[in-house]
Amino acid sequence: MDHQAKILIVDDKVENLVTLERVLKDFDVKFVRALNGSEALAKTLKHEFALAVIDVQMPEMDGYETVKLMRENKSTRYLPVIFLS
């Protein structure tokens, strides 16, 4: 069973996701990528995360809207979030 901590990283630009992974590479964590808010919400149903790093400016559903919906779910209500802009 995999007990490695997971960080959800959400950004509509793949190059930003790659950069985040490179910056945080020294941490012993697994990164799970999402390209938009809807995909991020779906990932929270499949994984348990230690942290979410979410871009504020995304099309369709921005980072604030994504986190608002995450706060409505019992399993992600208290998930720590870092917003990026």
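A residue is called buried when its relative accessible area is under 20%, exposed when that value is over 50%, and partly exposed in between (1.4 Å probe, protein chains only). Helices (H or I, at least four residues) and strands (E, at least two) are DSSP runs, numbered from the N terminus. The structure is a predicted model, in which local features need pLDDT of at least 70, side-chain atom pairs count only at pLDDT 80 or more, and totals for chains, interfaces and linings use all residues. Residues are numbered from 1 along each chain as its sequence is written, and side-chain values use heavy atoms, with hydrogens and water left out.

Confidence comes next. The pLDDT is the predictor's confidence in each residue, from 0 to 100. Its average over the protein is 95, and 98% of the residues score at least 70. Confidence is lowest in H1, with a mean of 96, and highest in E3, at 98.

Helix H1 spans residues 14-23, and Leu17, Leu20 and Glu21 are buried in it. Viewed down the helix axis, the buried residues of H1 fall within an arc of 100 degrees, so they line one face of the helix; the arc is that of the directions from the helix axis to the C-beta atoms. Glu15, Arg22 and Val23, on the other side of H1, are exposed. The cover over the buried residues of H1 includes E1, E2, E3 and E4.

The strands can now be put in order. Two strands are taken to pair if DSSP finds at least two bridges between them. E1 is joined to E2 by six bridges, and the two run parallel; here Leu8 stands opposite Val32 in E2. E1 is also joined to E3, by four bridges and again in parallel, with Ile9 opposite Val53 in E3. On to strand E4 (residues 81-84): four bridges link E3 to E4, which run parallel, and Val53 stands opposite Ile82 in E4.

E3 is mostly covered, with five of its five residues buried. Leu51, Val53 and Asp55 are buried on one side of E3, and Ala52 and Ile54 on the other.

A nonpolar core is a set of buried Ala, Val, Leu, Ile, Met, Phe, Trp, Tyr and Cys residues joined through side-chain atoms within 4.5 Å. The largest one has 14 residues, and Leu8, Val10, Ala52, Ile54 and Met70 have the most contacts inside it. Two or more residues come from each of strand E1 (5-10), strand E2 (29-34), helix H2 (37-46), strand E3 (51-55) and helix H3 (63-71). Apart from this core lies another, of seven residues, including Leu17, Leu20, Val29 and Val53.

Lys43 lies in helix H2. Its relative accessibility is 23%, so Lys43 counts as partly exposed. Contact means heavy atoms within 4.5 Å; leaving aside neighbours within four places in sequence, Lys43 is in contact with Leu8, Val32, Arg33, Ala34 and Phe49.
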